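Here is a short report for a first look at this structure. Keep the sequence and the 3D view open while you read.

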Amino acid sequence: MFDLKRSRLLAAAAFTAAALSSPIALAQDGAASGGKDKVKAAFVYVGPVGDFGWTYAHDQARQCMAEKLGDRVETTFVESVPEGPDAERVIRQLAQDGADIVFATSFGFMNPTIKVARQFPDVKFEHATGYQAAPGNMSLYNARFYQGRAVLGTIAGMMSESGKAGYIASFPIPEVVMGINAFTLAARKVNPDFETQVVWVNSWYDPAKEADAANALLSQGADVITQHTDSPAPIQAAQKAGAIAFGQASDMTSFAPEAHMTAIIDEWCPYYVKRVEAVLDGSWEPQNVWLGMEDGEVVMSPFNEAMPEDVKAAAQKVYDDTKAGNYDIFTGPITDQAGEVRIPEGEEIPDEDLLKMDWYVEGVKS
Amino acid sequence: MSLDLVVAILMAAAGAATPLLIAALGELVVEKSGVLNLGVEGMMLIGAVAGFAVSYTTGVPALGAVAALLAGALVSLVFALLTLSLMANQVATGLALAIFGTGVSALAGAPFVGITTTTLGPLVAFDDPILRLLFGQSPLVYLALLLTLAVWWFLKHSRQGLILRAVGESSDAAHAIGYPVLKIRYLAVLFGGAMAGLAGSYYSLVLTPMWAERLTAGRGWIAIALVVFASWKPGRLLLGAYLFGFVITMELQAKAAGFALFAPEFLSALPYLATIVVLAVISLGRRNATHAPACLGKPFRPAV
């Protein structure tokens, strides 16, 4: 009986203290809402975790983060969430179920995330690859994959005999468009007549269609296959046809040991650790970051042994220079498809323009 | 256009058509017996993962195809138990099966993500493009054509086929004459499952020799639409599947050549649009509507 009374007393005291302290907390900066002992982090994926591409990379990073933070974090995820109204439902459900921070990992989740973020001001939201955020509790994060595309373009330009690459693309959003442009610009630095033929498959993940698209490109003279879709199907097709290809979002060597030259790898783990730690110690603030090779967020998988030495050296140089901050593929002069100079000599495309990119450079056939 | 390119296009079209044709043939027989199994996508995925797993562990892709066949039949048995013996709603059970298959295949396939296996490719490789087109495709392509012929013959000319159709048109009448309605429907559902499984293995063994979650990416639904499109006739099914395969291939080839015939969104909707158009046309043409088996989707309760 006594114990019960005491616990009631304690509860009452705690309540009084909370009531007293909360106006003070509110008066402080609204974003920093104090630390936590344990954070519930939720992830929303557009594809299955087993896609061995984009979603796989995010899920590897989630596991890596969970391992690093141990029992201070509890992670959950929902996979294969379609972009659209369903995403809003899923994100709201996660927020309702008590997630402290929600990572929405696909471009099409942007608007749903904004909507839910407005309804749950106490939950932190992080959206990958978007350009708009709800004020106060939503961050944007992205990686400069185009830097990796420049490495791929350099290899393609040097190794292609037909001077024609097939590019299997998902949707014409800025993220994809700038990848196509970076790849083509880099290839044309090596081979000024290089052409990139784009095939839109209208899906992030459809192995059969990606394979068919690769086969169509290969049968029309492309001897390099690169992709902005998530399955290893295109590089398998390239392997069968004796062409070269690049992995997407993870090292896909095992699927095509001869065709696979290298892959752009997304290293999300350090970012996830940092952001969840920020929630843990109460220092989380909304931000908009775009990290690249300089920050170790974009890396290349080991080059194929069969790659000629000069190609290896050139590709490594692009990587090293980008990492050191001395190389930006989007440096003028850049001409567009119509042959007009868009970016004059020596100028760089500012980030806000890159994130809205809706035009193709010379050499892109789409 | 060079001969090589034409051959490449035709072979790709046959490749895109084959799994649709196999899965749709199975579903056609199921529906002819009066059962609607919407779980084709799930059964295909289970076939795909079973095929890959067995092919990878044994190193014999043909064994993988057999395993896919058995796995598809096995999972369709669950559907048959629920809908035929327990008389659960066929539409709901079919949809559940599609979702179940997606989940189970992902679970079972987890250890096989990220590896590749031997392709169930052509038995003989030909350099000559014409020979390659005629004889150099995966055995499954030829098997699908043989199966079409067999299903057509079975339904049209065999006594058992006639009984199966009778069961689908009027299960009560067939029962009154003394035919074992449930047994026939069980067999039809098992055949449908086996075909769906085999069709799934085409993806994991031939087209993209790997396992990844949701590998079939919705082809099972197209197969179901194709059955309606073909108004339950194997010949038209063959035509429909190849037509669809050809349209997909031409679209990608056109894009690879630098021009787009249609918006890609339109192409994704095409099989379903075509199905609606065909349904509308048939309904306009004849009084007896769509050729759909009269007892399609209706559970059979023996009145004894």
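## A partly exposed proline

P257(A) counts as partly exposed, because its relative accessibility is 44%. This is a predicted model. P257(A) sits in the loop between β9 and β10 of chain A.

Which residues does P257(A) touch, leaving aside its neighbours within four places in sequence? The contacts are Q239(A) and N304(A). Q239(A) and P257(A) are 18 residues apart in sequence. In space, their C-alpha atoms are 7.9 Å apart.

## Chain A as a whole

Chain A has 366 residues, and 57% of them are buried. Its secondary structure comprises eleven helices and 15 strands. The C-alpha trace spans about 85 × 40 × 35 Å along its principal axes.

Take the contacts in chain A between residues at least 6 apart in sequence: 67% of them join residues at least 24 apart. The chain exposes about 15100 Å², and carbon and sulfur atoms supply 52% of that area. Chain A carries 29 positive and 51 negative charges.

## Helix α8 and its surroundings

Helix α8 of chain A covers residues 233-241. Its buried residues are A233(A), P234(A), I235(A), Q236(A), A237(A) and A238(A). What do they pack against? The partners in chain A are strands β6 (164-169), β8 (224-228), β9 (244-249) and β10 (260-266), together with helix α7 (207-219).

Just after α8(A) comes G242(A), with a positive phi of about 75 degrees.

Most residues other than glycine have a negative phi, and most peptide bonds are trans.

S80(A) is not a glycine, yet its phi is positive, at about 55 degrees. S80(A) lies in the loop between β2 (73-78) and α3 (85-96) of chain A. N202(A) is another residue other than glycine with a positive phi, near 60 degrees. The loop between β7 (195-200) and α7 of chain A holds N202(A). Is N202(A) buried or exposed? N202(A) counts as buried, because its relative accessibility is 16%, and the cut-off for buried is under 20%.

The peptide bond joining G332(A) and P333(A) is cis, with an omega of about 5 degrees. P333(A) belongs to the loop between α10 (309-323) and β13 (334-335) of chain A.

## A buried serine in a loop

S106(A) lies in the loop between β3 (101-104) and α4 (110-119) of chain A. With a relative accessibility of 3%, S106(A) counts as buried. Leaving aside its neighbours within four places in sequence, S106(A) is in contact with V46(A), E83(A), H127(A), A128(A) and T129(A).

## Salt bridges

R275(A) counts as buried at 6% relative accessibility. E126(A) counts as buried at 0%.

K365(A) forms a salt bridge with E195(A), with 3.8 Å between the closest N and O atoms. This pair also links distant parts of the chain, 170 residues apart: K365(A) is in strand β15 (residues 364-365) and E195(A) in strand β7 of chain A. K365(A) is partly exposed, with a relative accessible area of 39%. E195(A) is partly exposed too, at 31%.

E309(A) and K312(A) form a salt bridge as well, at 3.6 Å between the closest N and O atoms. They are three residues apart in helix α10 of chain A, so about one helical turn separates them. E309(A) counts as exposed at 57% relative accessibility, whereas K312(A) counts as buried at 16%. Elsewhere, E88(A), R92(A) and K115(A) are joined into one network by salt bridges that share partners.

## Where chains A and B meet

The contact between the chains takes 33 residues from chain A and 28 residues from chain B. The area buried between them is about 2600 Å². Carbon and sulfur atoms give 57% of that area.

The count between chain A and chain B is one salt bridge. In a salt bridge, the side chain of R219(B) meets that of D206(A), at 3.0 Å from N to O.

Notes
Residues numbered from 1 in each chain as written. Chains lettered and ligands numbered in written order. Predicted model: local features only at pLDDT ≥ 70, side-chain atom pairs only at ≥ 80, totals over all residues. Heavy atoms only, no water. Helix = DSSP H or I, 4+ residues; strand = E, 2+ residues; numbered from the N terminus. Buried < 20%, exposed > 50% of the residue type's maximum accessible area, 1.4 Å probe, protein only. Contact = heavy atoms within 4.5 Å. Areas by Shrake-Rupley, 256 points an atom, 1.4 Å probe, with all protein chains shown as cover. Lys, Arg positive; Asp, Glu negative; His and termini not counted. Charge placed at Lys NZ, Arg CZ, Asp CG, Glu CD. Buried area = accessible area lost by both parts, 1.4 Å probe. Salt bridge = Lys/Arg side-chain N within 4 Å of Asp/Glu carboxyl O.
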